[in-house]
Amino acid sequence: MDDARVTTAHTETPTDRVPGRAWTIRLTGHSDRSATVSCTTAACRMPPRSKDLAALRAFAAQHAAAHAKAATVRPNVWCHCGSTRCEAHPDTRTHCAGAVTLILRHDPTVGRVWTIEEVCAACAPLIPHTTVVARAARPRRTVEQPAAAGVPAPARADVPGGFSSPGTAPADGAPAPGRRSGRRPQRPQRRRTG
């Protein structure tokens, strides 16, 4: 029997759509005038409960900025805003579309919640108190063609400017392919009698 190895690692292809991520950092006040900072990422270490609200607010802002800096925007995600039925901009309806952006939402008048989200370019400008911190890199569309084993490609006579001349035949003597028109022939229209 052959020694076949099976891997269980998930490989994500750029065409697979995945849900948009969101991180929320929240400053929560308590009745004894102290506060705590929490993050939706369980692995993040938060400072202990404290009465120094300015220090906790500064920590929360820096923590949100660190998440935004560390996150690589994925070009194949569904808009996080759209997955919540666009609750962030209920007065303006739109269809999720465009490139993926990473936004930081923070209302300075409230000053207690920082949210980093992967959203589409259509939703990002509609969400109040938002700063776009990153955009998804466009995937490179390169087509790799196998290299021939040391055999150079036959030379073709070209017209200057990069356009091939329709009157020249390929170097191997085969006839040049015929030119096709991009237009379809018109269909005869039926007459309505009435």
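The charged end of arginine 17 sits over the ring of tryptophan 78, 4.4 Å from the ring centre. A charge is taken to sit over a ring if NZ of Lys or CZ of Arg is within 6 Å of the ring centre and within 35 degrees of the ring normal. The count of aromatic pairs is zero. Such a pair needs rings of Phe, Tyr and Trp (its six-membered ring) with centres within 6.5 Å; planes under 30 degrees apart count as stacked, over 60 as edge-to-face and the rest as tilted.

The model is predicted; local features need pLDDT of at least 70, side-chain atom pairs count only at pLDDT 80 or more, and totals for chains, interfaces and linings use all residues. Residues are numbered from 1 along each chain as its sequence is written, and side-chain values use heavy atoms, with hydrogens and water left out.

The chain holds two helices and nine strands. These are DSSP runs, numbered from the N terminus: helices are H or I with at least four residues, strands E with at least two. From the N terminus on, the order is β-β-β-α-β-α-β-β-β-β-β. Of the 194 residues, 23% count as buried. Buried means under 20% relative accessible area, exposed over 50%, and partly exposed in between (1.4 Å probe, protein chains only). Among contacts with a separation of 6 or more, 54% come from residues 24 or more positions apart. A contact requires heavy atoms within 4.5 Å.

Helix H1 covers residues 53–70. Its 18 residues should span 26 Å at 1.5 Å a residue, and the end C-alpha atoms are 25 Å apart, which agrees. The expected span is 1.5 Å times one less than the number of residues. Leu56, Ala60, His63, Ala64, His67 and Ala68 are buried in H1. Seen down the axis, these buried residues fall within an arc of 135 degrees, so they line one face of the helix. The arc is that of the directions from the helix axis to the C-beta atoms. The face turned away from the buried side carries the exposed residues Ala54, Gln62, Lys69 and Ala70. The buried residues of H1 pack against strands E2 (22–29), E3 (35–39), E5 (100–105), E6 (113–120) and E7 (130–135).

Histidine 63 belongs to helix H1. Histidine 63 is buried, with a relative accessible area of 13%. Neighbours within four places in sequence aside, histidine 63 is in contact with Ile25, Cys39, Cys44 and Met46.

The count of disulfides is zero. A disulfide is a pair of cysteine sulfur atoms within 2.5 Å. Cysteine 81 is in no disulfide, and the nearest cysteine sulfur, that of cysteine 123, is 3.9 Å away. Cysteine 81 is buried at a relative accessible area of 1%. For cysteine 123, the closest cysteine sulfur is in cysteine 120, 3.7 Å away and too far for a bond. Cysteine 123 is also buried, at 0% relative accessibility.

Most residues other than glycine have a negative phi. Arginine 33 has a positive phi of about 65 degrees although it is not a glycine. This arginine 33 lies in the loop between E2 and E3 and is exposed, at 70% relative accessibility. Histidine 129, not a glycine either, has a positive phi of about 60 degrees. Histidine 129 is placed in the loop between E6 and E7. With 44% relative accessibility, histidine 129 counts as partly exposed.
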